[in-house]
Amino acid sequence: MTQVLAINGSPRREKGNTAAILNPLVEGMADSECTVETIYPDRYEIRPCDCGSMRCWYRSPGKCYIRDGMDDLYPKVSAAEILVLAAPVYIPLPGAFQNVLNRLCPLMVPELEMRDGRTRAHLRDGVATKMLVGIVTTGWWERGNGDVVSLIFEELAANLGVQLGAILVRPHIGAMWSNGSLTAGGADVVAAARQAGIELATDGSVSPETTAAFERPLVTEREYLEASRGWLG
Ligand SMILES: Cc1cc2nc3c(=O)[nH]c(=O)nc-3n(C[C@H](O)[C@H](O)[C@H](O)COP(=O)(O)O)c2cc1C
């Protein structure tokens with residue numbers, strides 16, 4: 001069984017839009033020889049990185065000096081062969097989730113090298129992570145709203161020295177529902193999320209067809225803008 005840790009960065013946790021697509025994705029993985037745990041950072045009371053001097057690299061290699069919820073999270077991240085990071089765009093990220101990303105530094109070794117023209121670190125021995133998957137949910141219409149968070153996930157995978165399994169962006173995610181019920185298009189996105197989980201677990205990547213089904217427009221730009229007038233009340 002492949003160990004998967006999914007980190008859902010939404011402060012709305014199980015009730016949020018992010019959970020609505022992350023959950024079927026990890027179910028697809030669980031049905032494909034994976035053991036999955038999903039966690040929510042703001043249940044762990046994680047403080048920001050505040051030493052400002054990379055103590056976890058140079059003074060106490062591999063150890064963060066802060067004692068808080070990360071003490072419980074480090075073993076989970078270290079044991080995960082696949083790390084699924086899912087976050088809503090929050091200009092750019094929810095705070096507790098950002099704290100987790102910053103606090104991953106102790107898991108990296110500062111043996112810097114150039115890879116593809118960029119200065120990169122790599123993971124410490126004993127950290128099992130081989131692949132990172134990024135899921136981005138956005139409220140606004142176009143996929144480009146997810147670009148900043150996508151780049152954060154891409155850079156993180158490169159700095160950890162792990163394979164980037166996929167970046168999946170779900171734009172105008174609110175259009176998956178109408179009057180609180182999943183629309184037909186929304187149900188297709190849920191099915192694509194589940195299929196993506198199966199493909200990640202079996203092939204280590206997501207096919208262009210499944211990516212297109214996951215990310216496809218559910219309403220036109222004009223319909224989106226017209227509906228948005230109603231949100232002003
Ligand atoms: C503080 C904040 C900032 C946001 N900024 C953006 C944004 O810049 N672009 C965008 O497309 N959506 C933005 N959104 C919308 C969320 O990304 C979107 O509703 C997301 O699906 C929420 O996921 P959740 O329900 O799992 O928390 C923002 C939401 C909040 C609360």
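1. **Ground rules.** Residues are numbered from 1 along each chain as its sequence is written. The model is predicted, with local features needing pLDDT of at least 70, side-chain atom pairs counting only at pLDDT 80 or more, and totals for chains, interfaces and linings using all residues.

2. Five strands make an open, parallel sheet in the order 2-1-3-6-7. Strand 2 and strand 7 sit at the edges with a single partner strand each, so one side of each has no neighbour in the sheet. From one strand to the next, the twist averages 15 degrees. Strands here are DSSP runs of E with at least two residues, and helices are runs of H or I with at least four, numbered from the N terminus. Two strands pair if DSSP finds at least two bridges between them; strand 3 and strand 6, running parallel, are joined by seven. L85 stands opposite G134 of strand 6.

3. **Helices on the sheet.** Helix 1 packs on the sheet and touches strands 1, 2, 3, 6 and 7, with its direction at about 180 degrees to that of strand 1. Helix 6 lies across strands 1, 2, 6 and 7, at about 180 degrees to strand 7. Contact means C-beta atoms, placed from the backbone, within 7 Å; axes are lines fitted to C-alpha atoms (for helices, over the stretch in contact), and angles run from 0 to 180 degrees between N-to-C directions.

4. Buried means 20 or more other C-beta atoms within 10 Å of a residue's own, exposed 12 or fewer, and partly exposed in between, with C-beta atoms placed from the backbone.

5. **Two loops to look at.** In the loop between strand 3 and helix 4, I91 has a positive phi near 50 degrees. I91 is exposed, with 7 other C-beta atoms within 10 Å. The peptide bond from I91 to P92 is cis, with omega near -5 degrees. M54, in the loop between strand 2 and helix 2, also has a positive phi, about 55 degrees, without being a glycine.

6. **The ligand shell.** The ligand is surrounded by 15 residues, the closest being S10, G16, T18, P88 and G139. A residue counts as near if its C-beta atom, placed from the backbone, lies within 6 Å.

Definitions and conventions. Contact = placed C-beta atoms within 7 Å.
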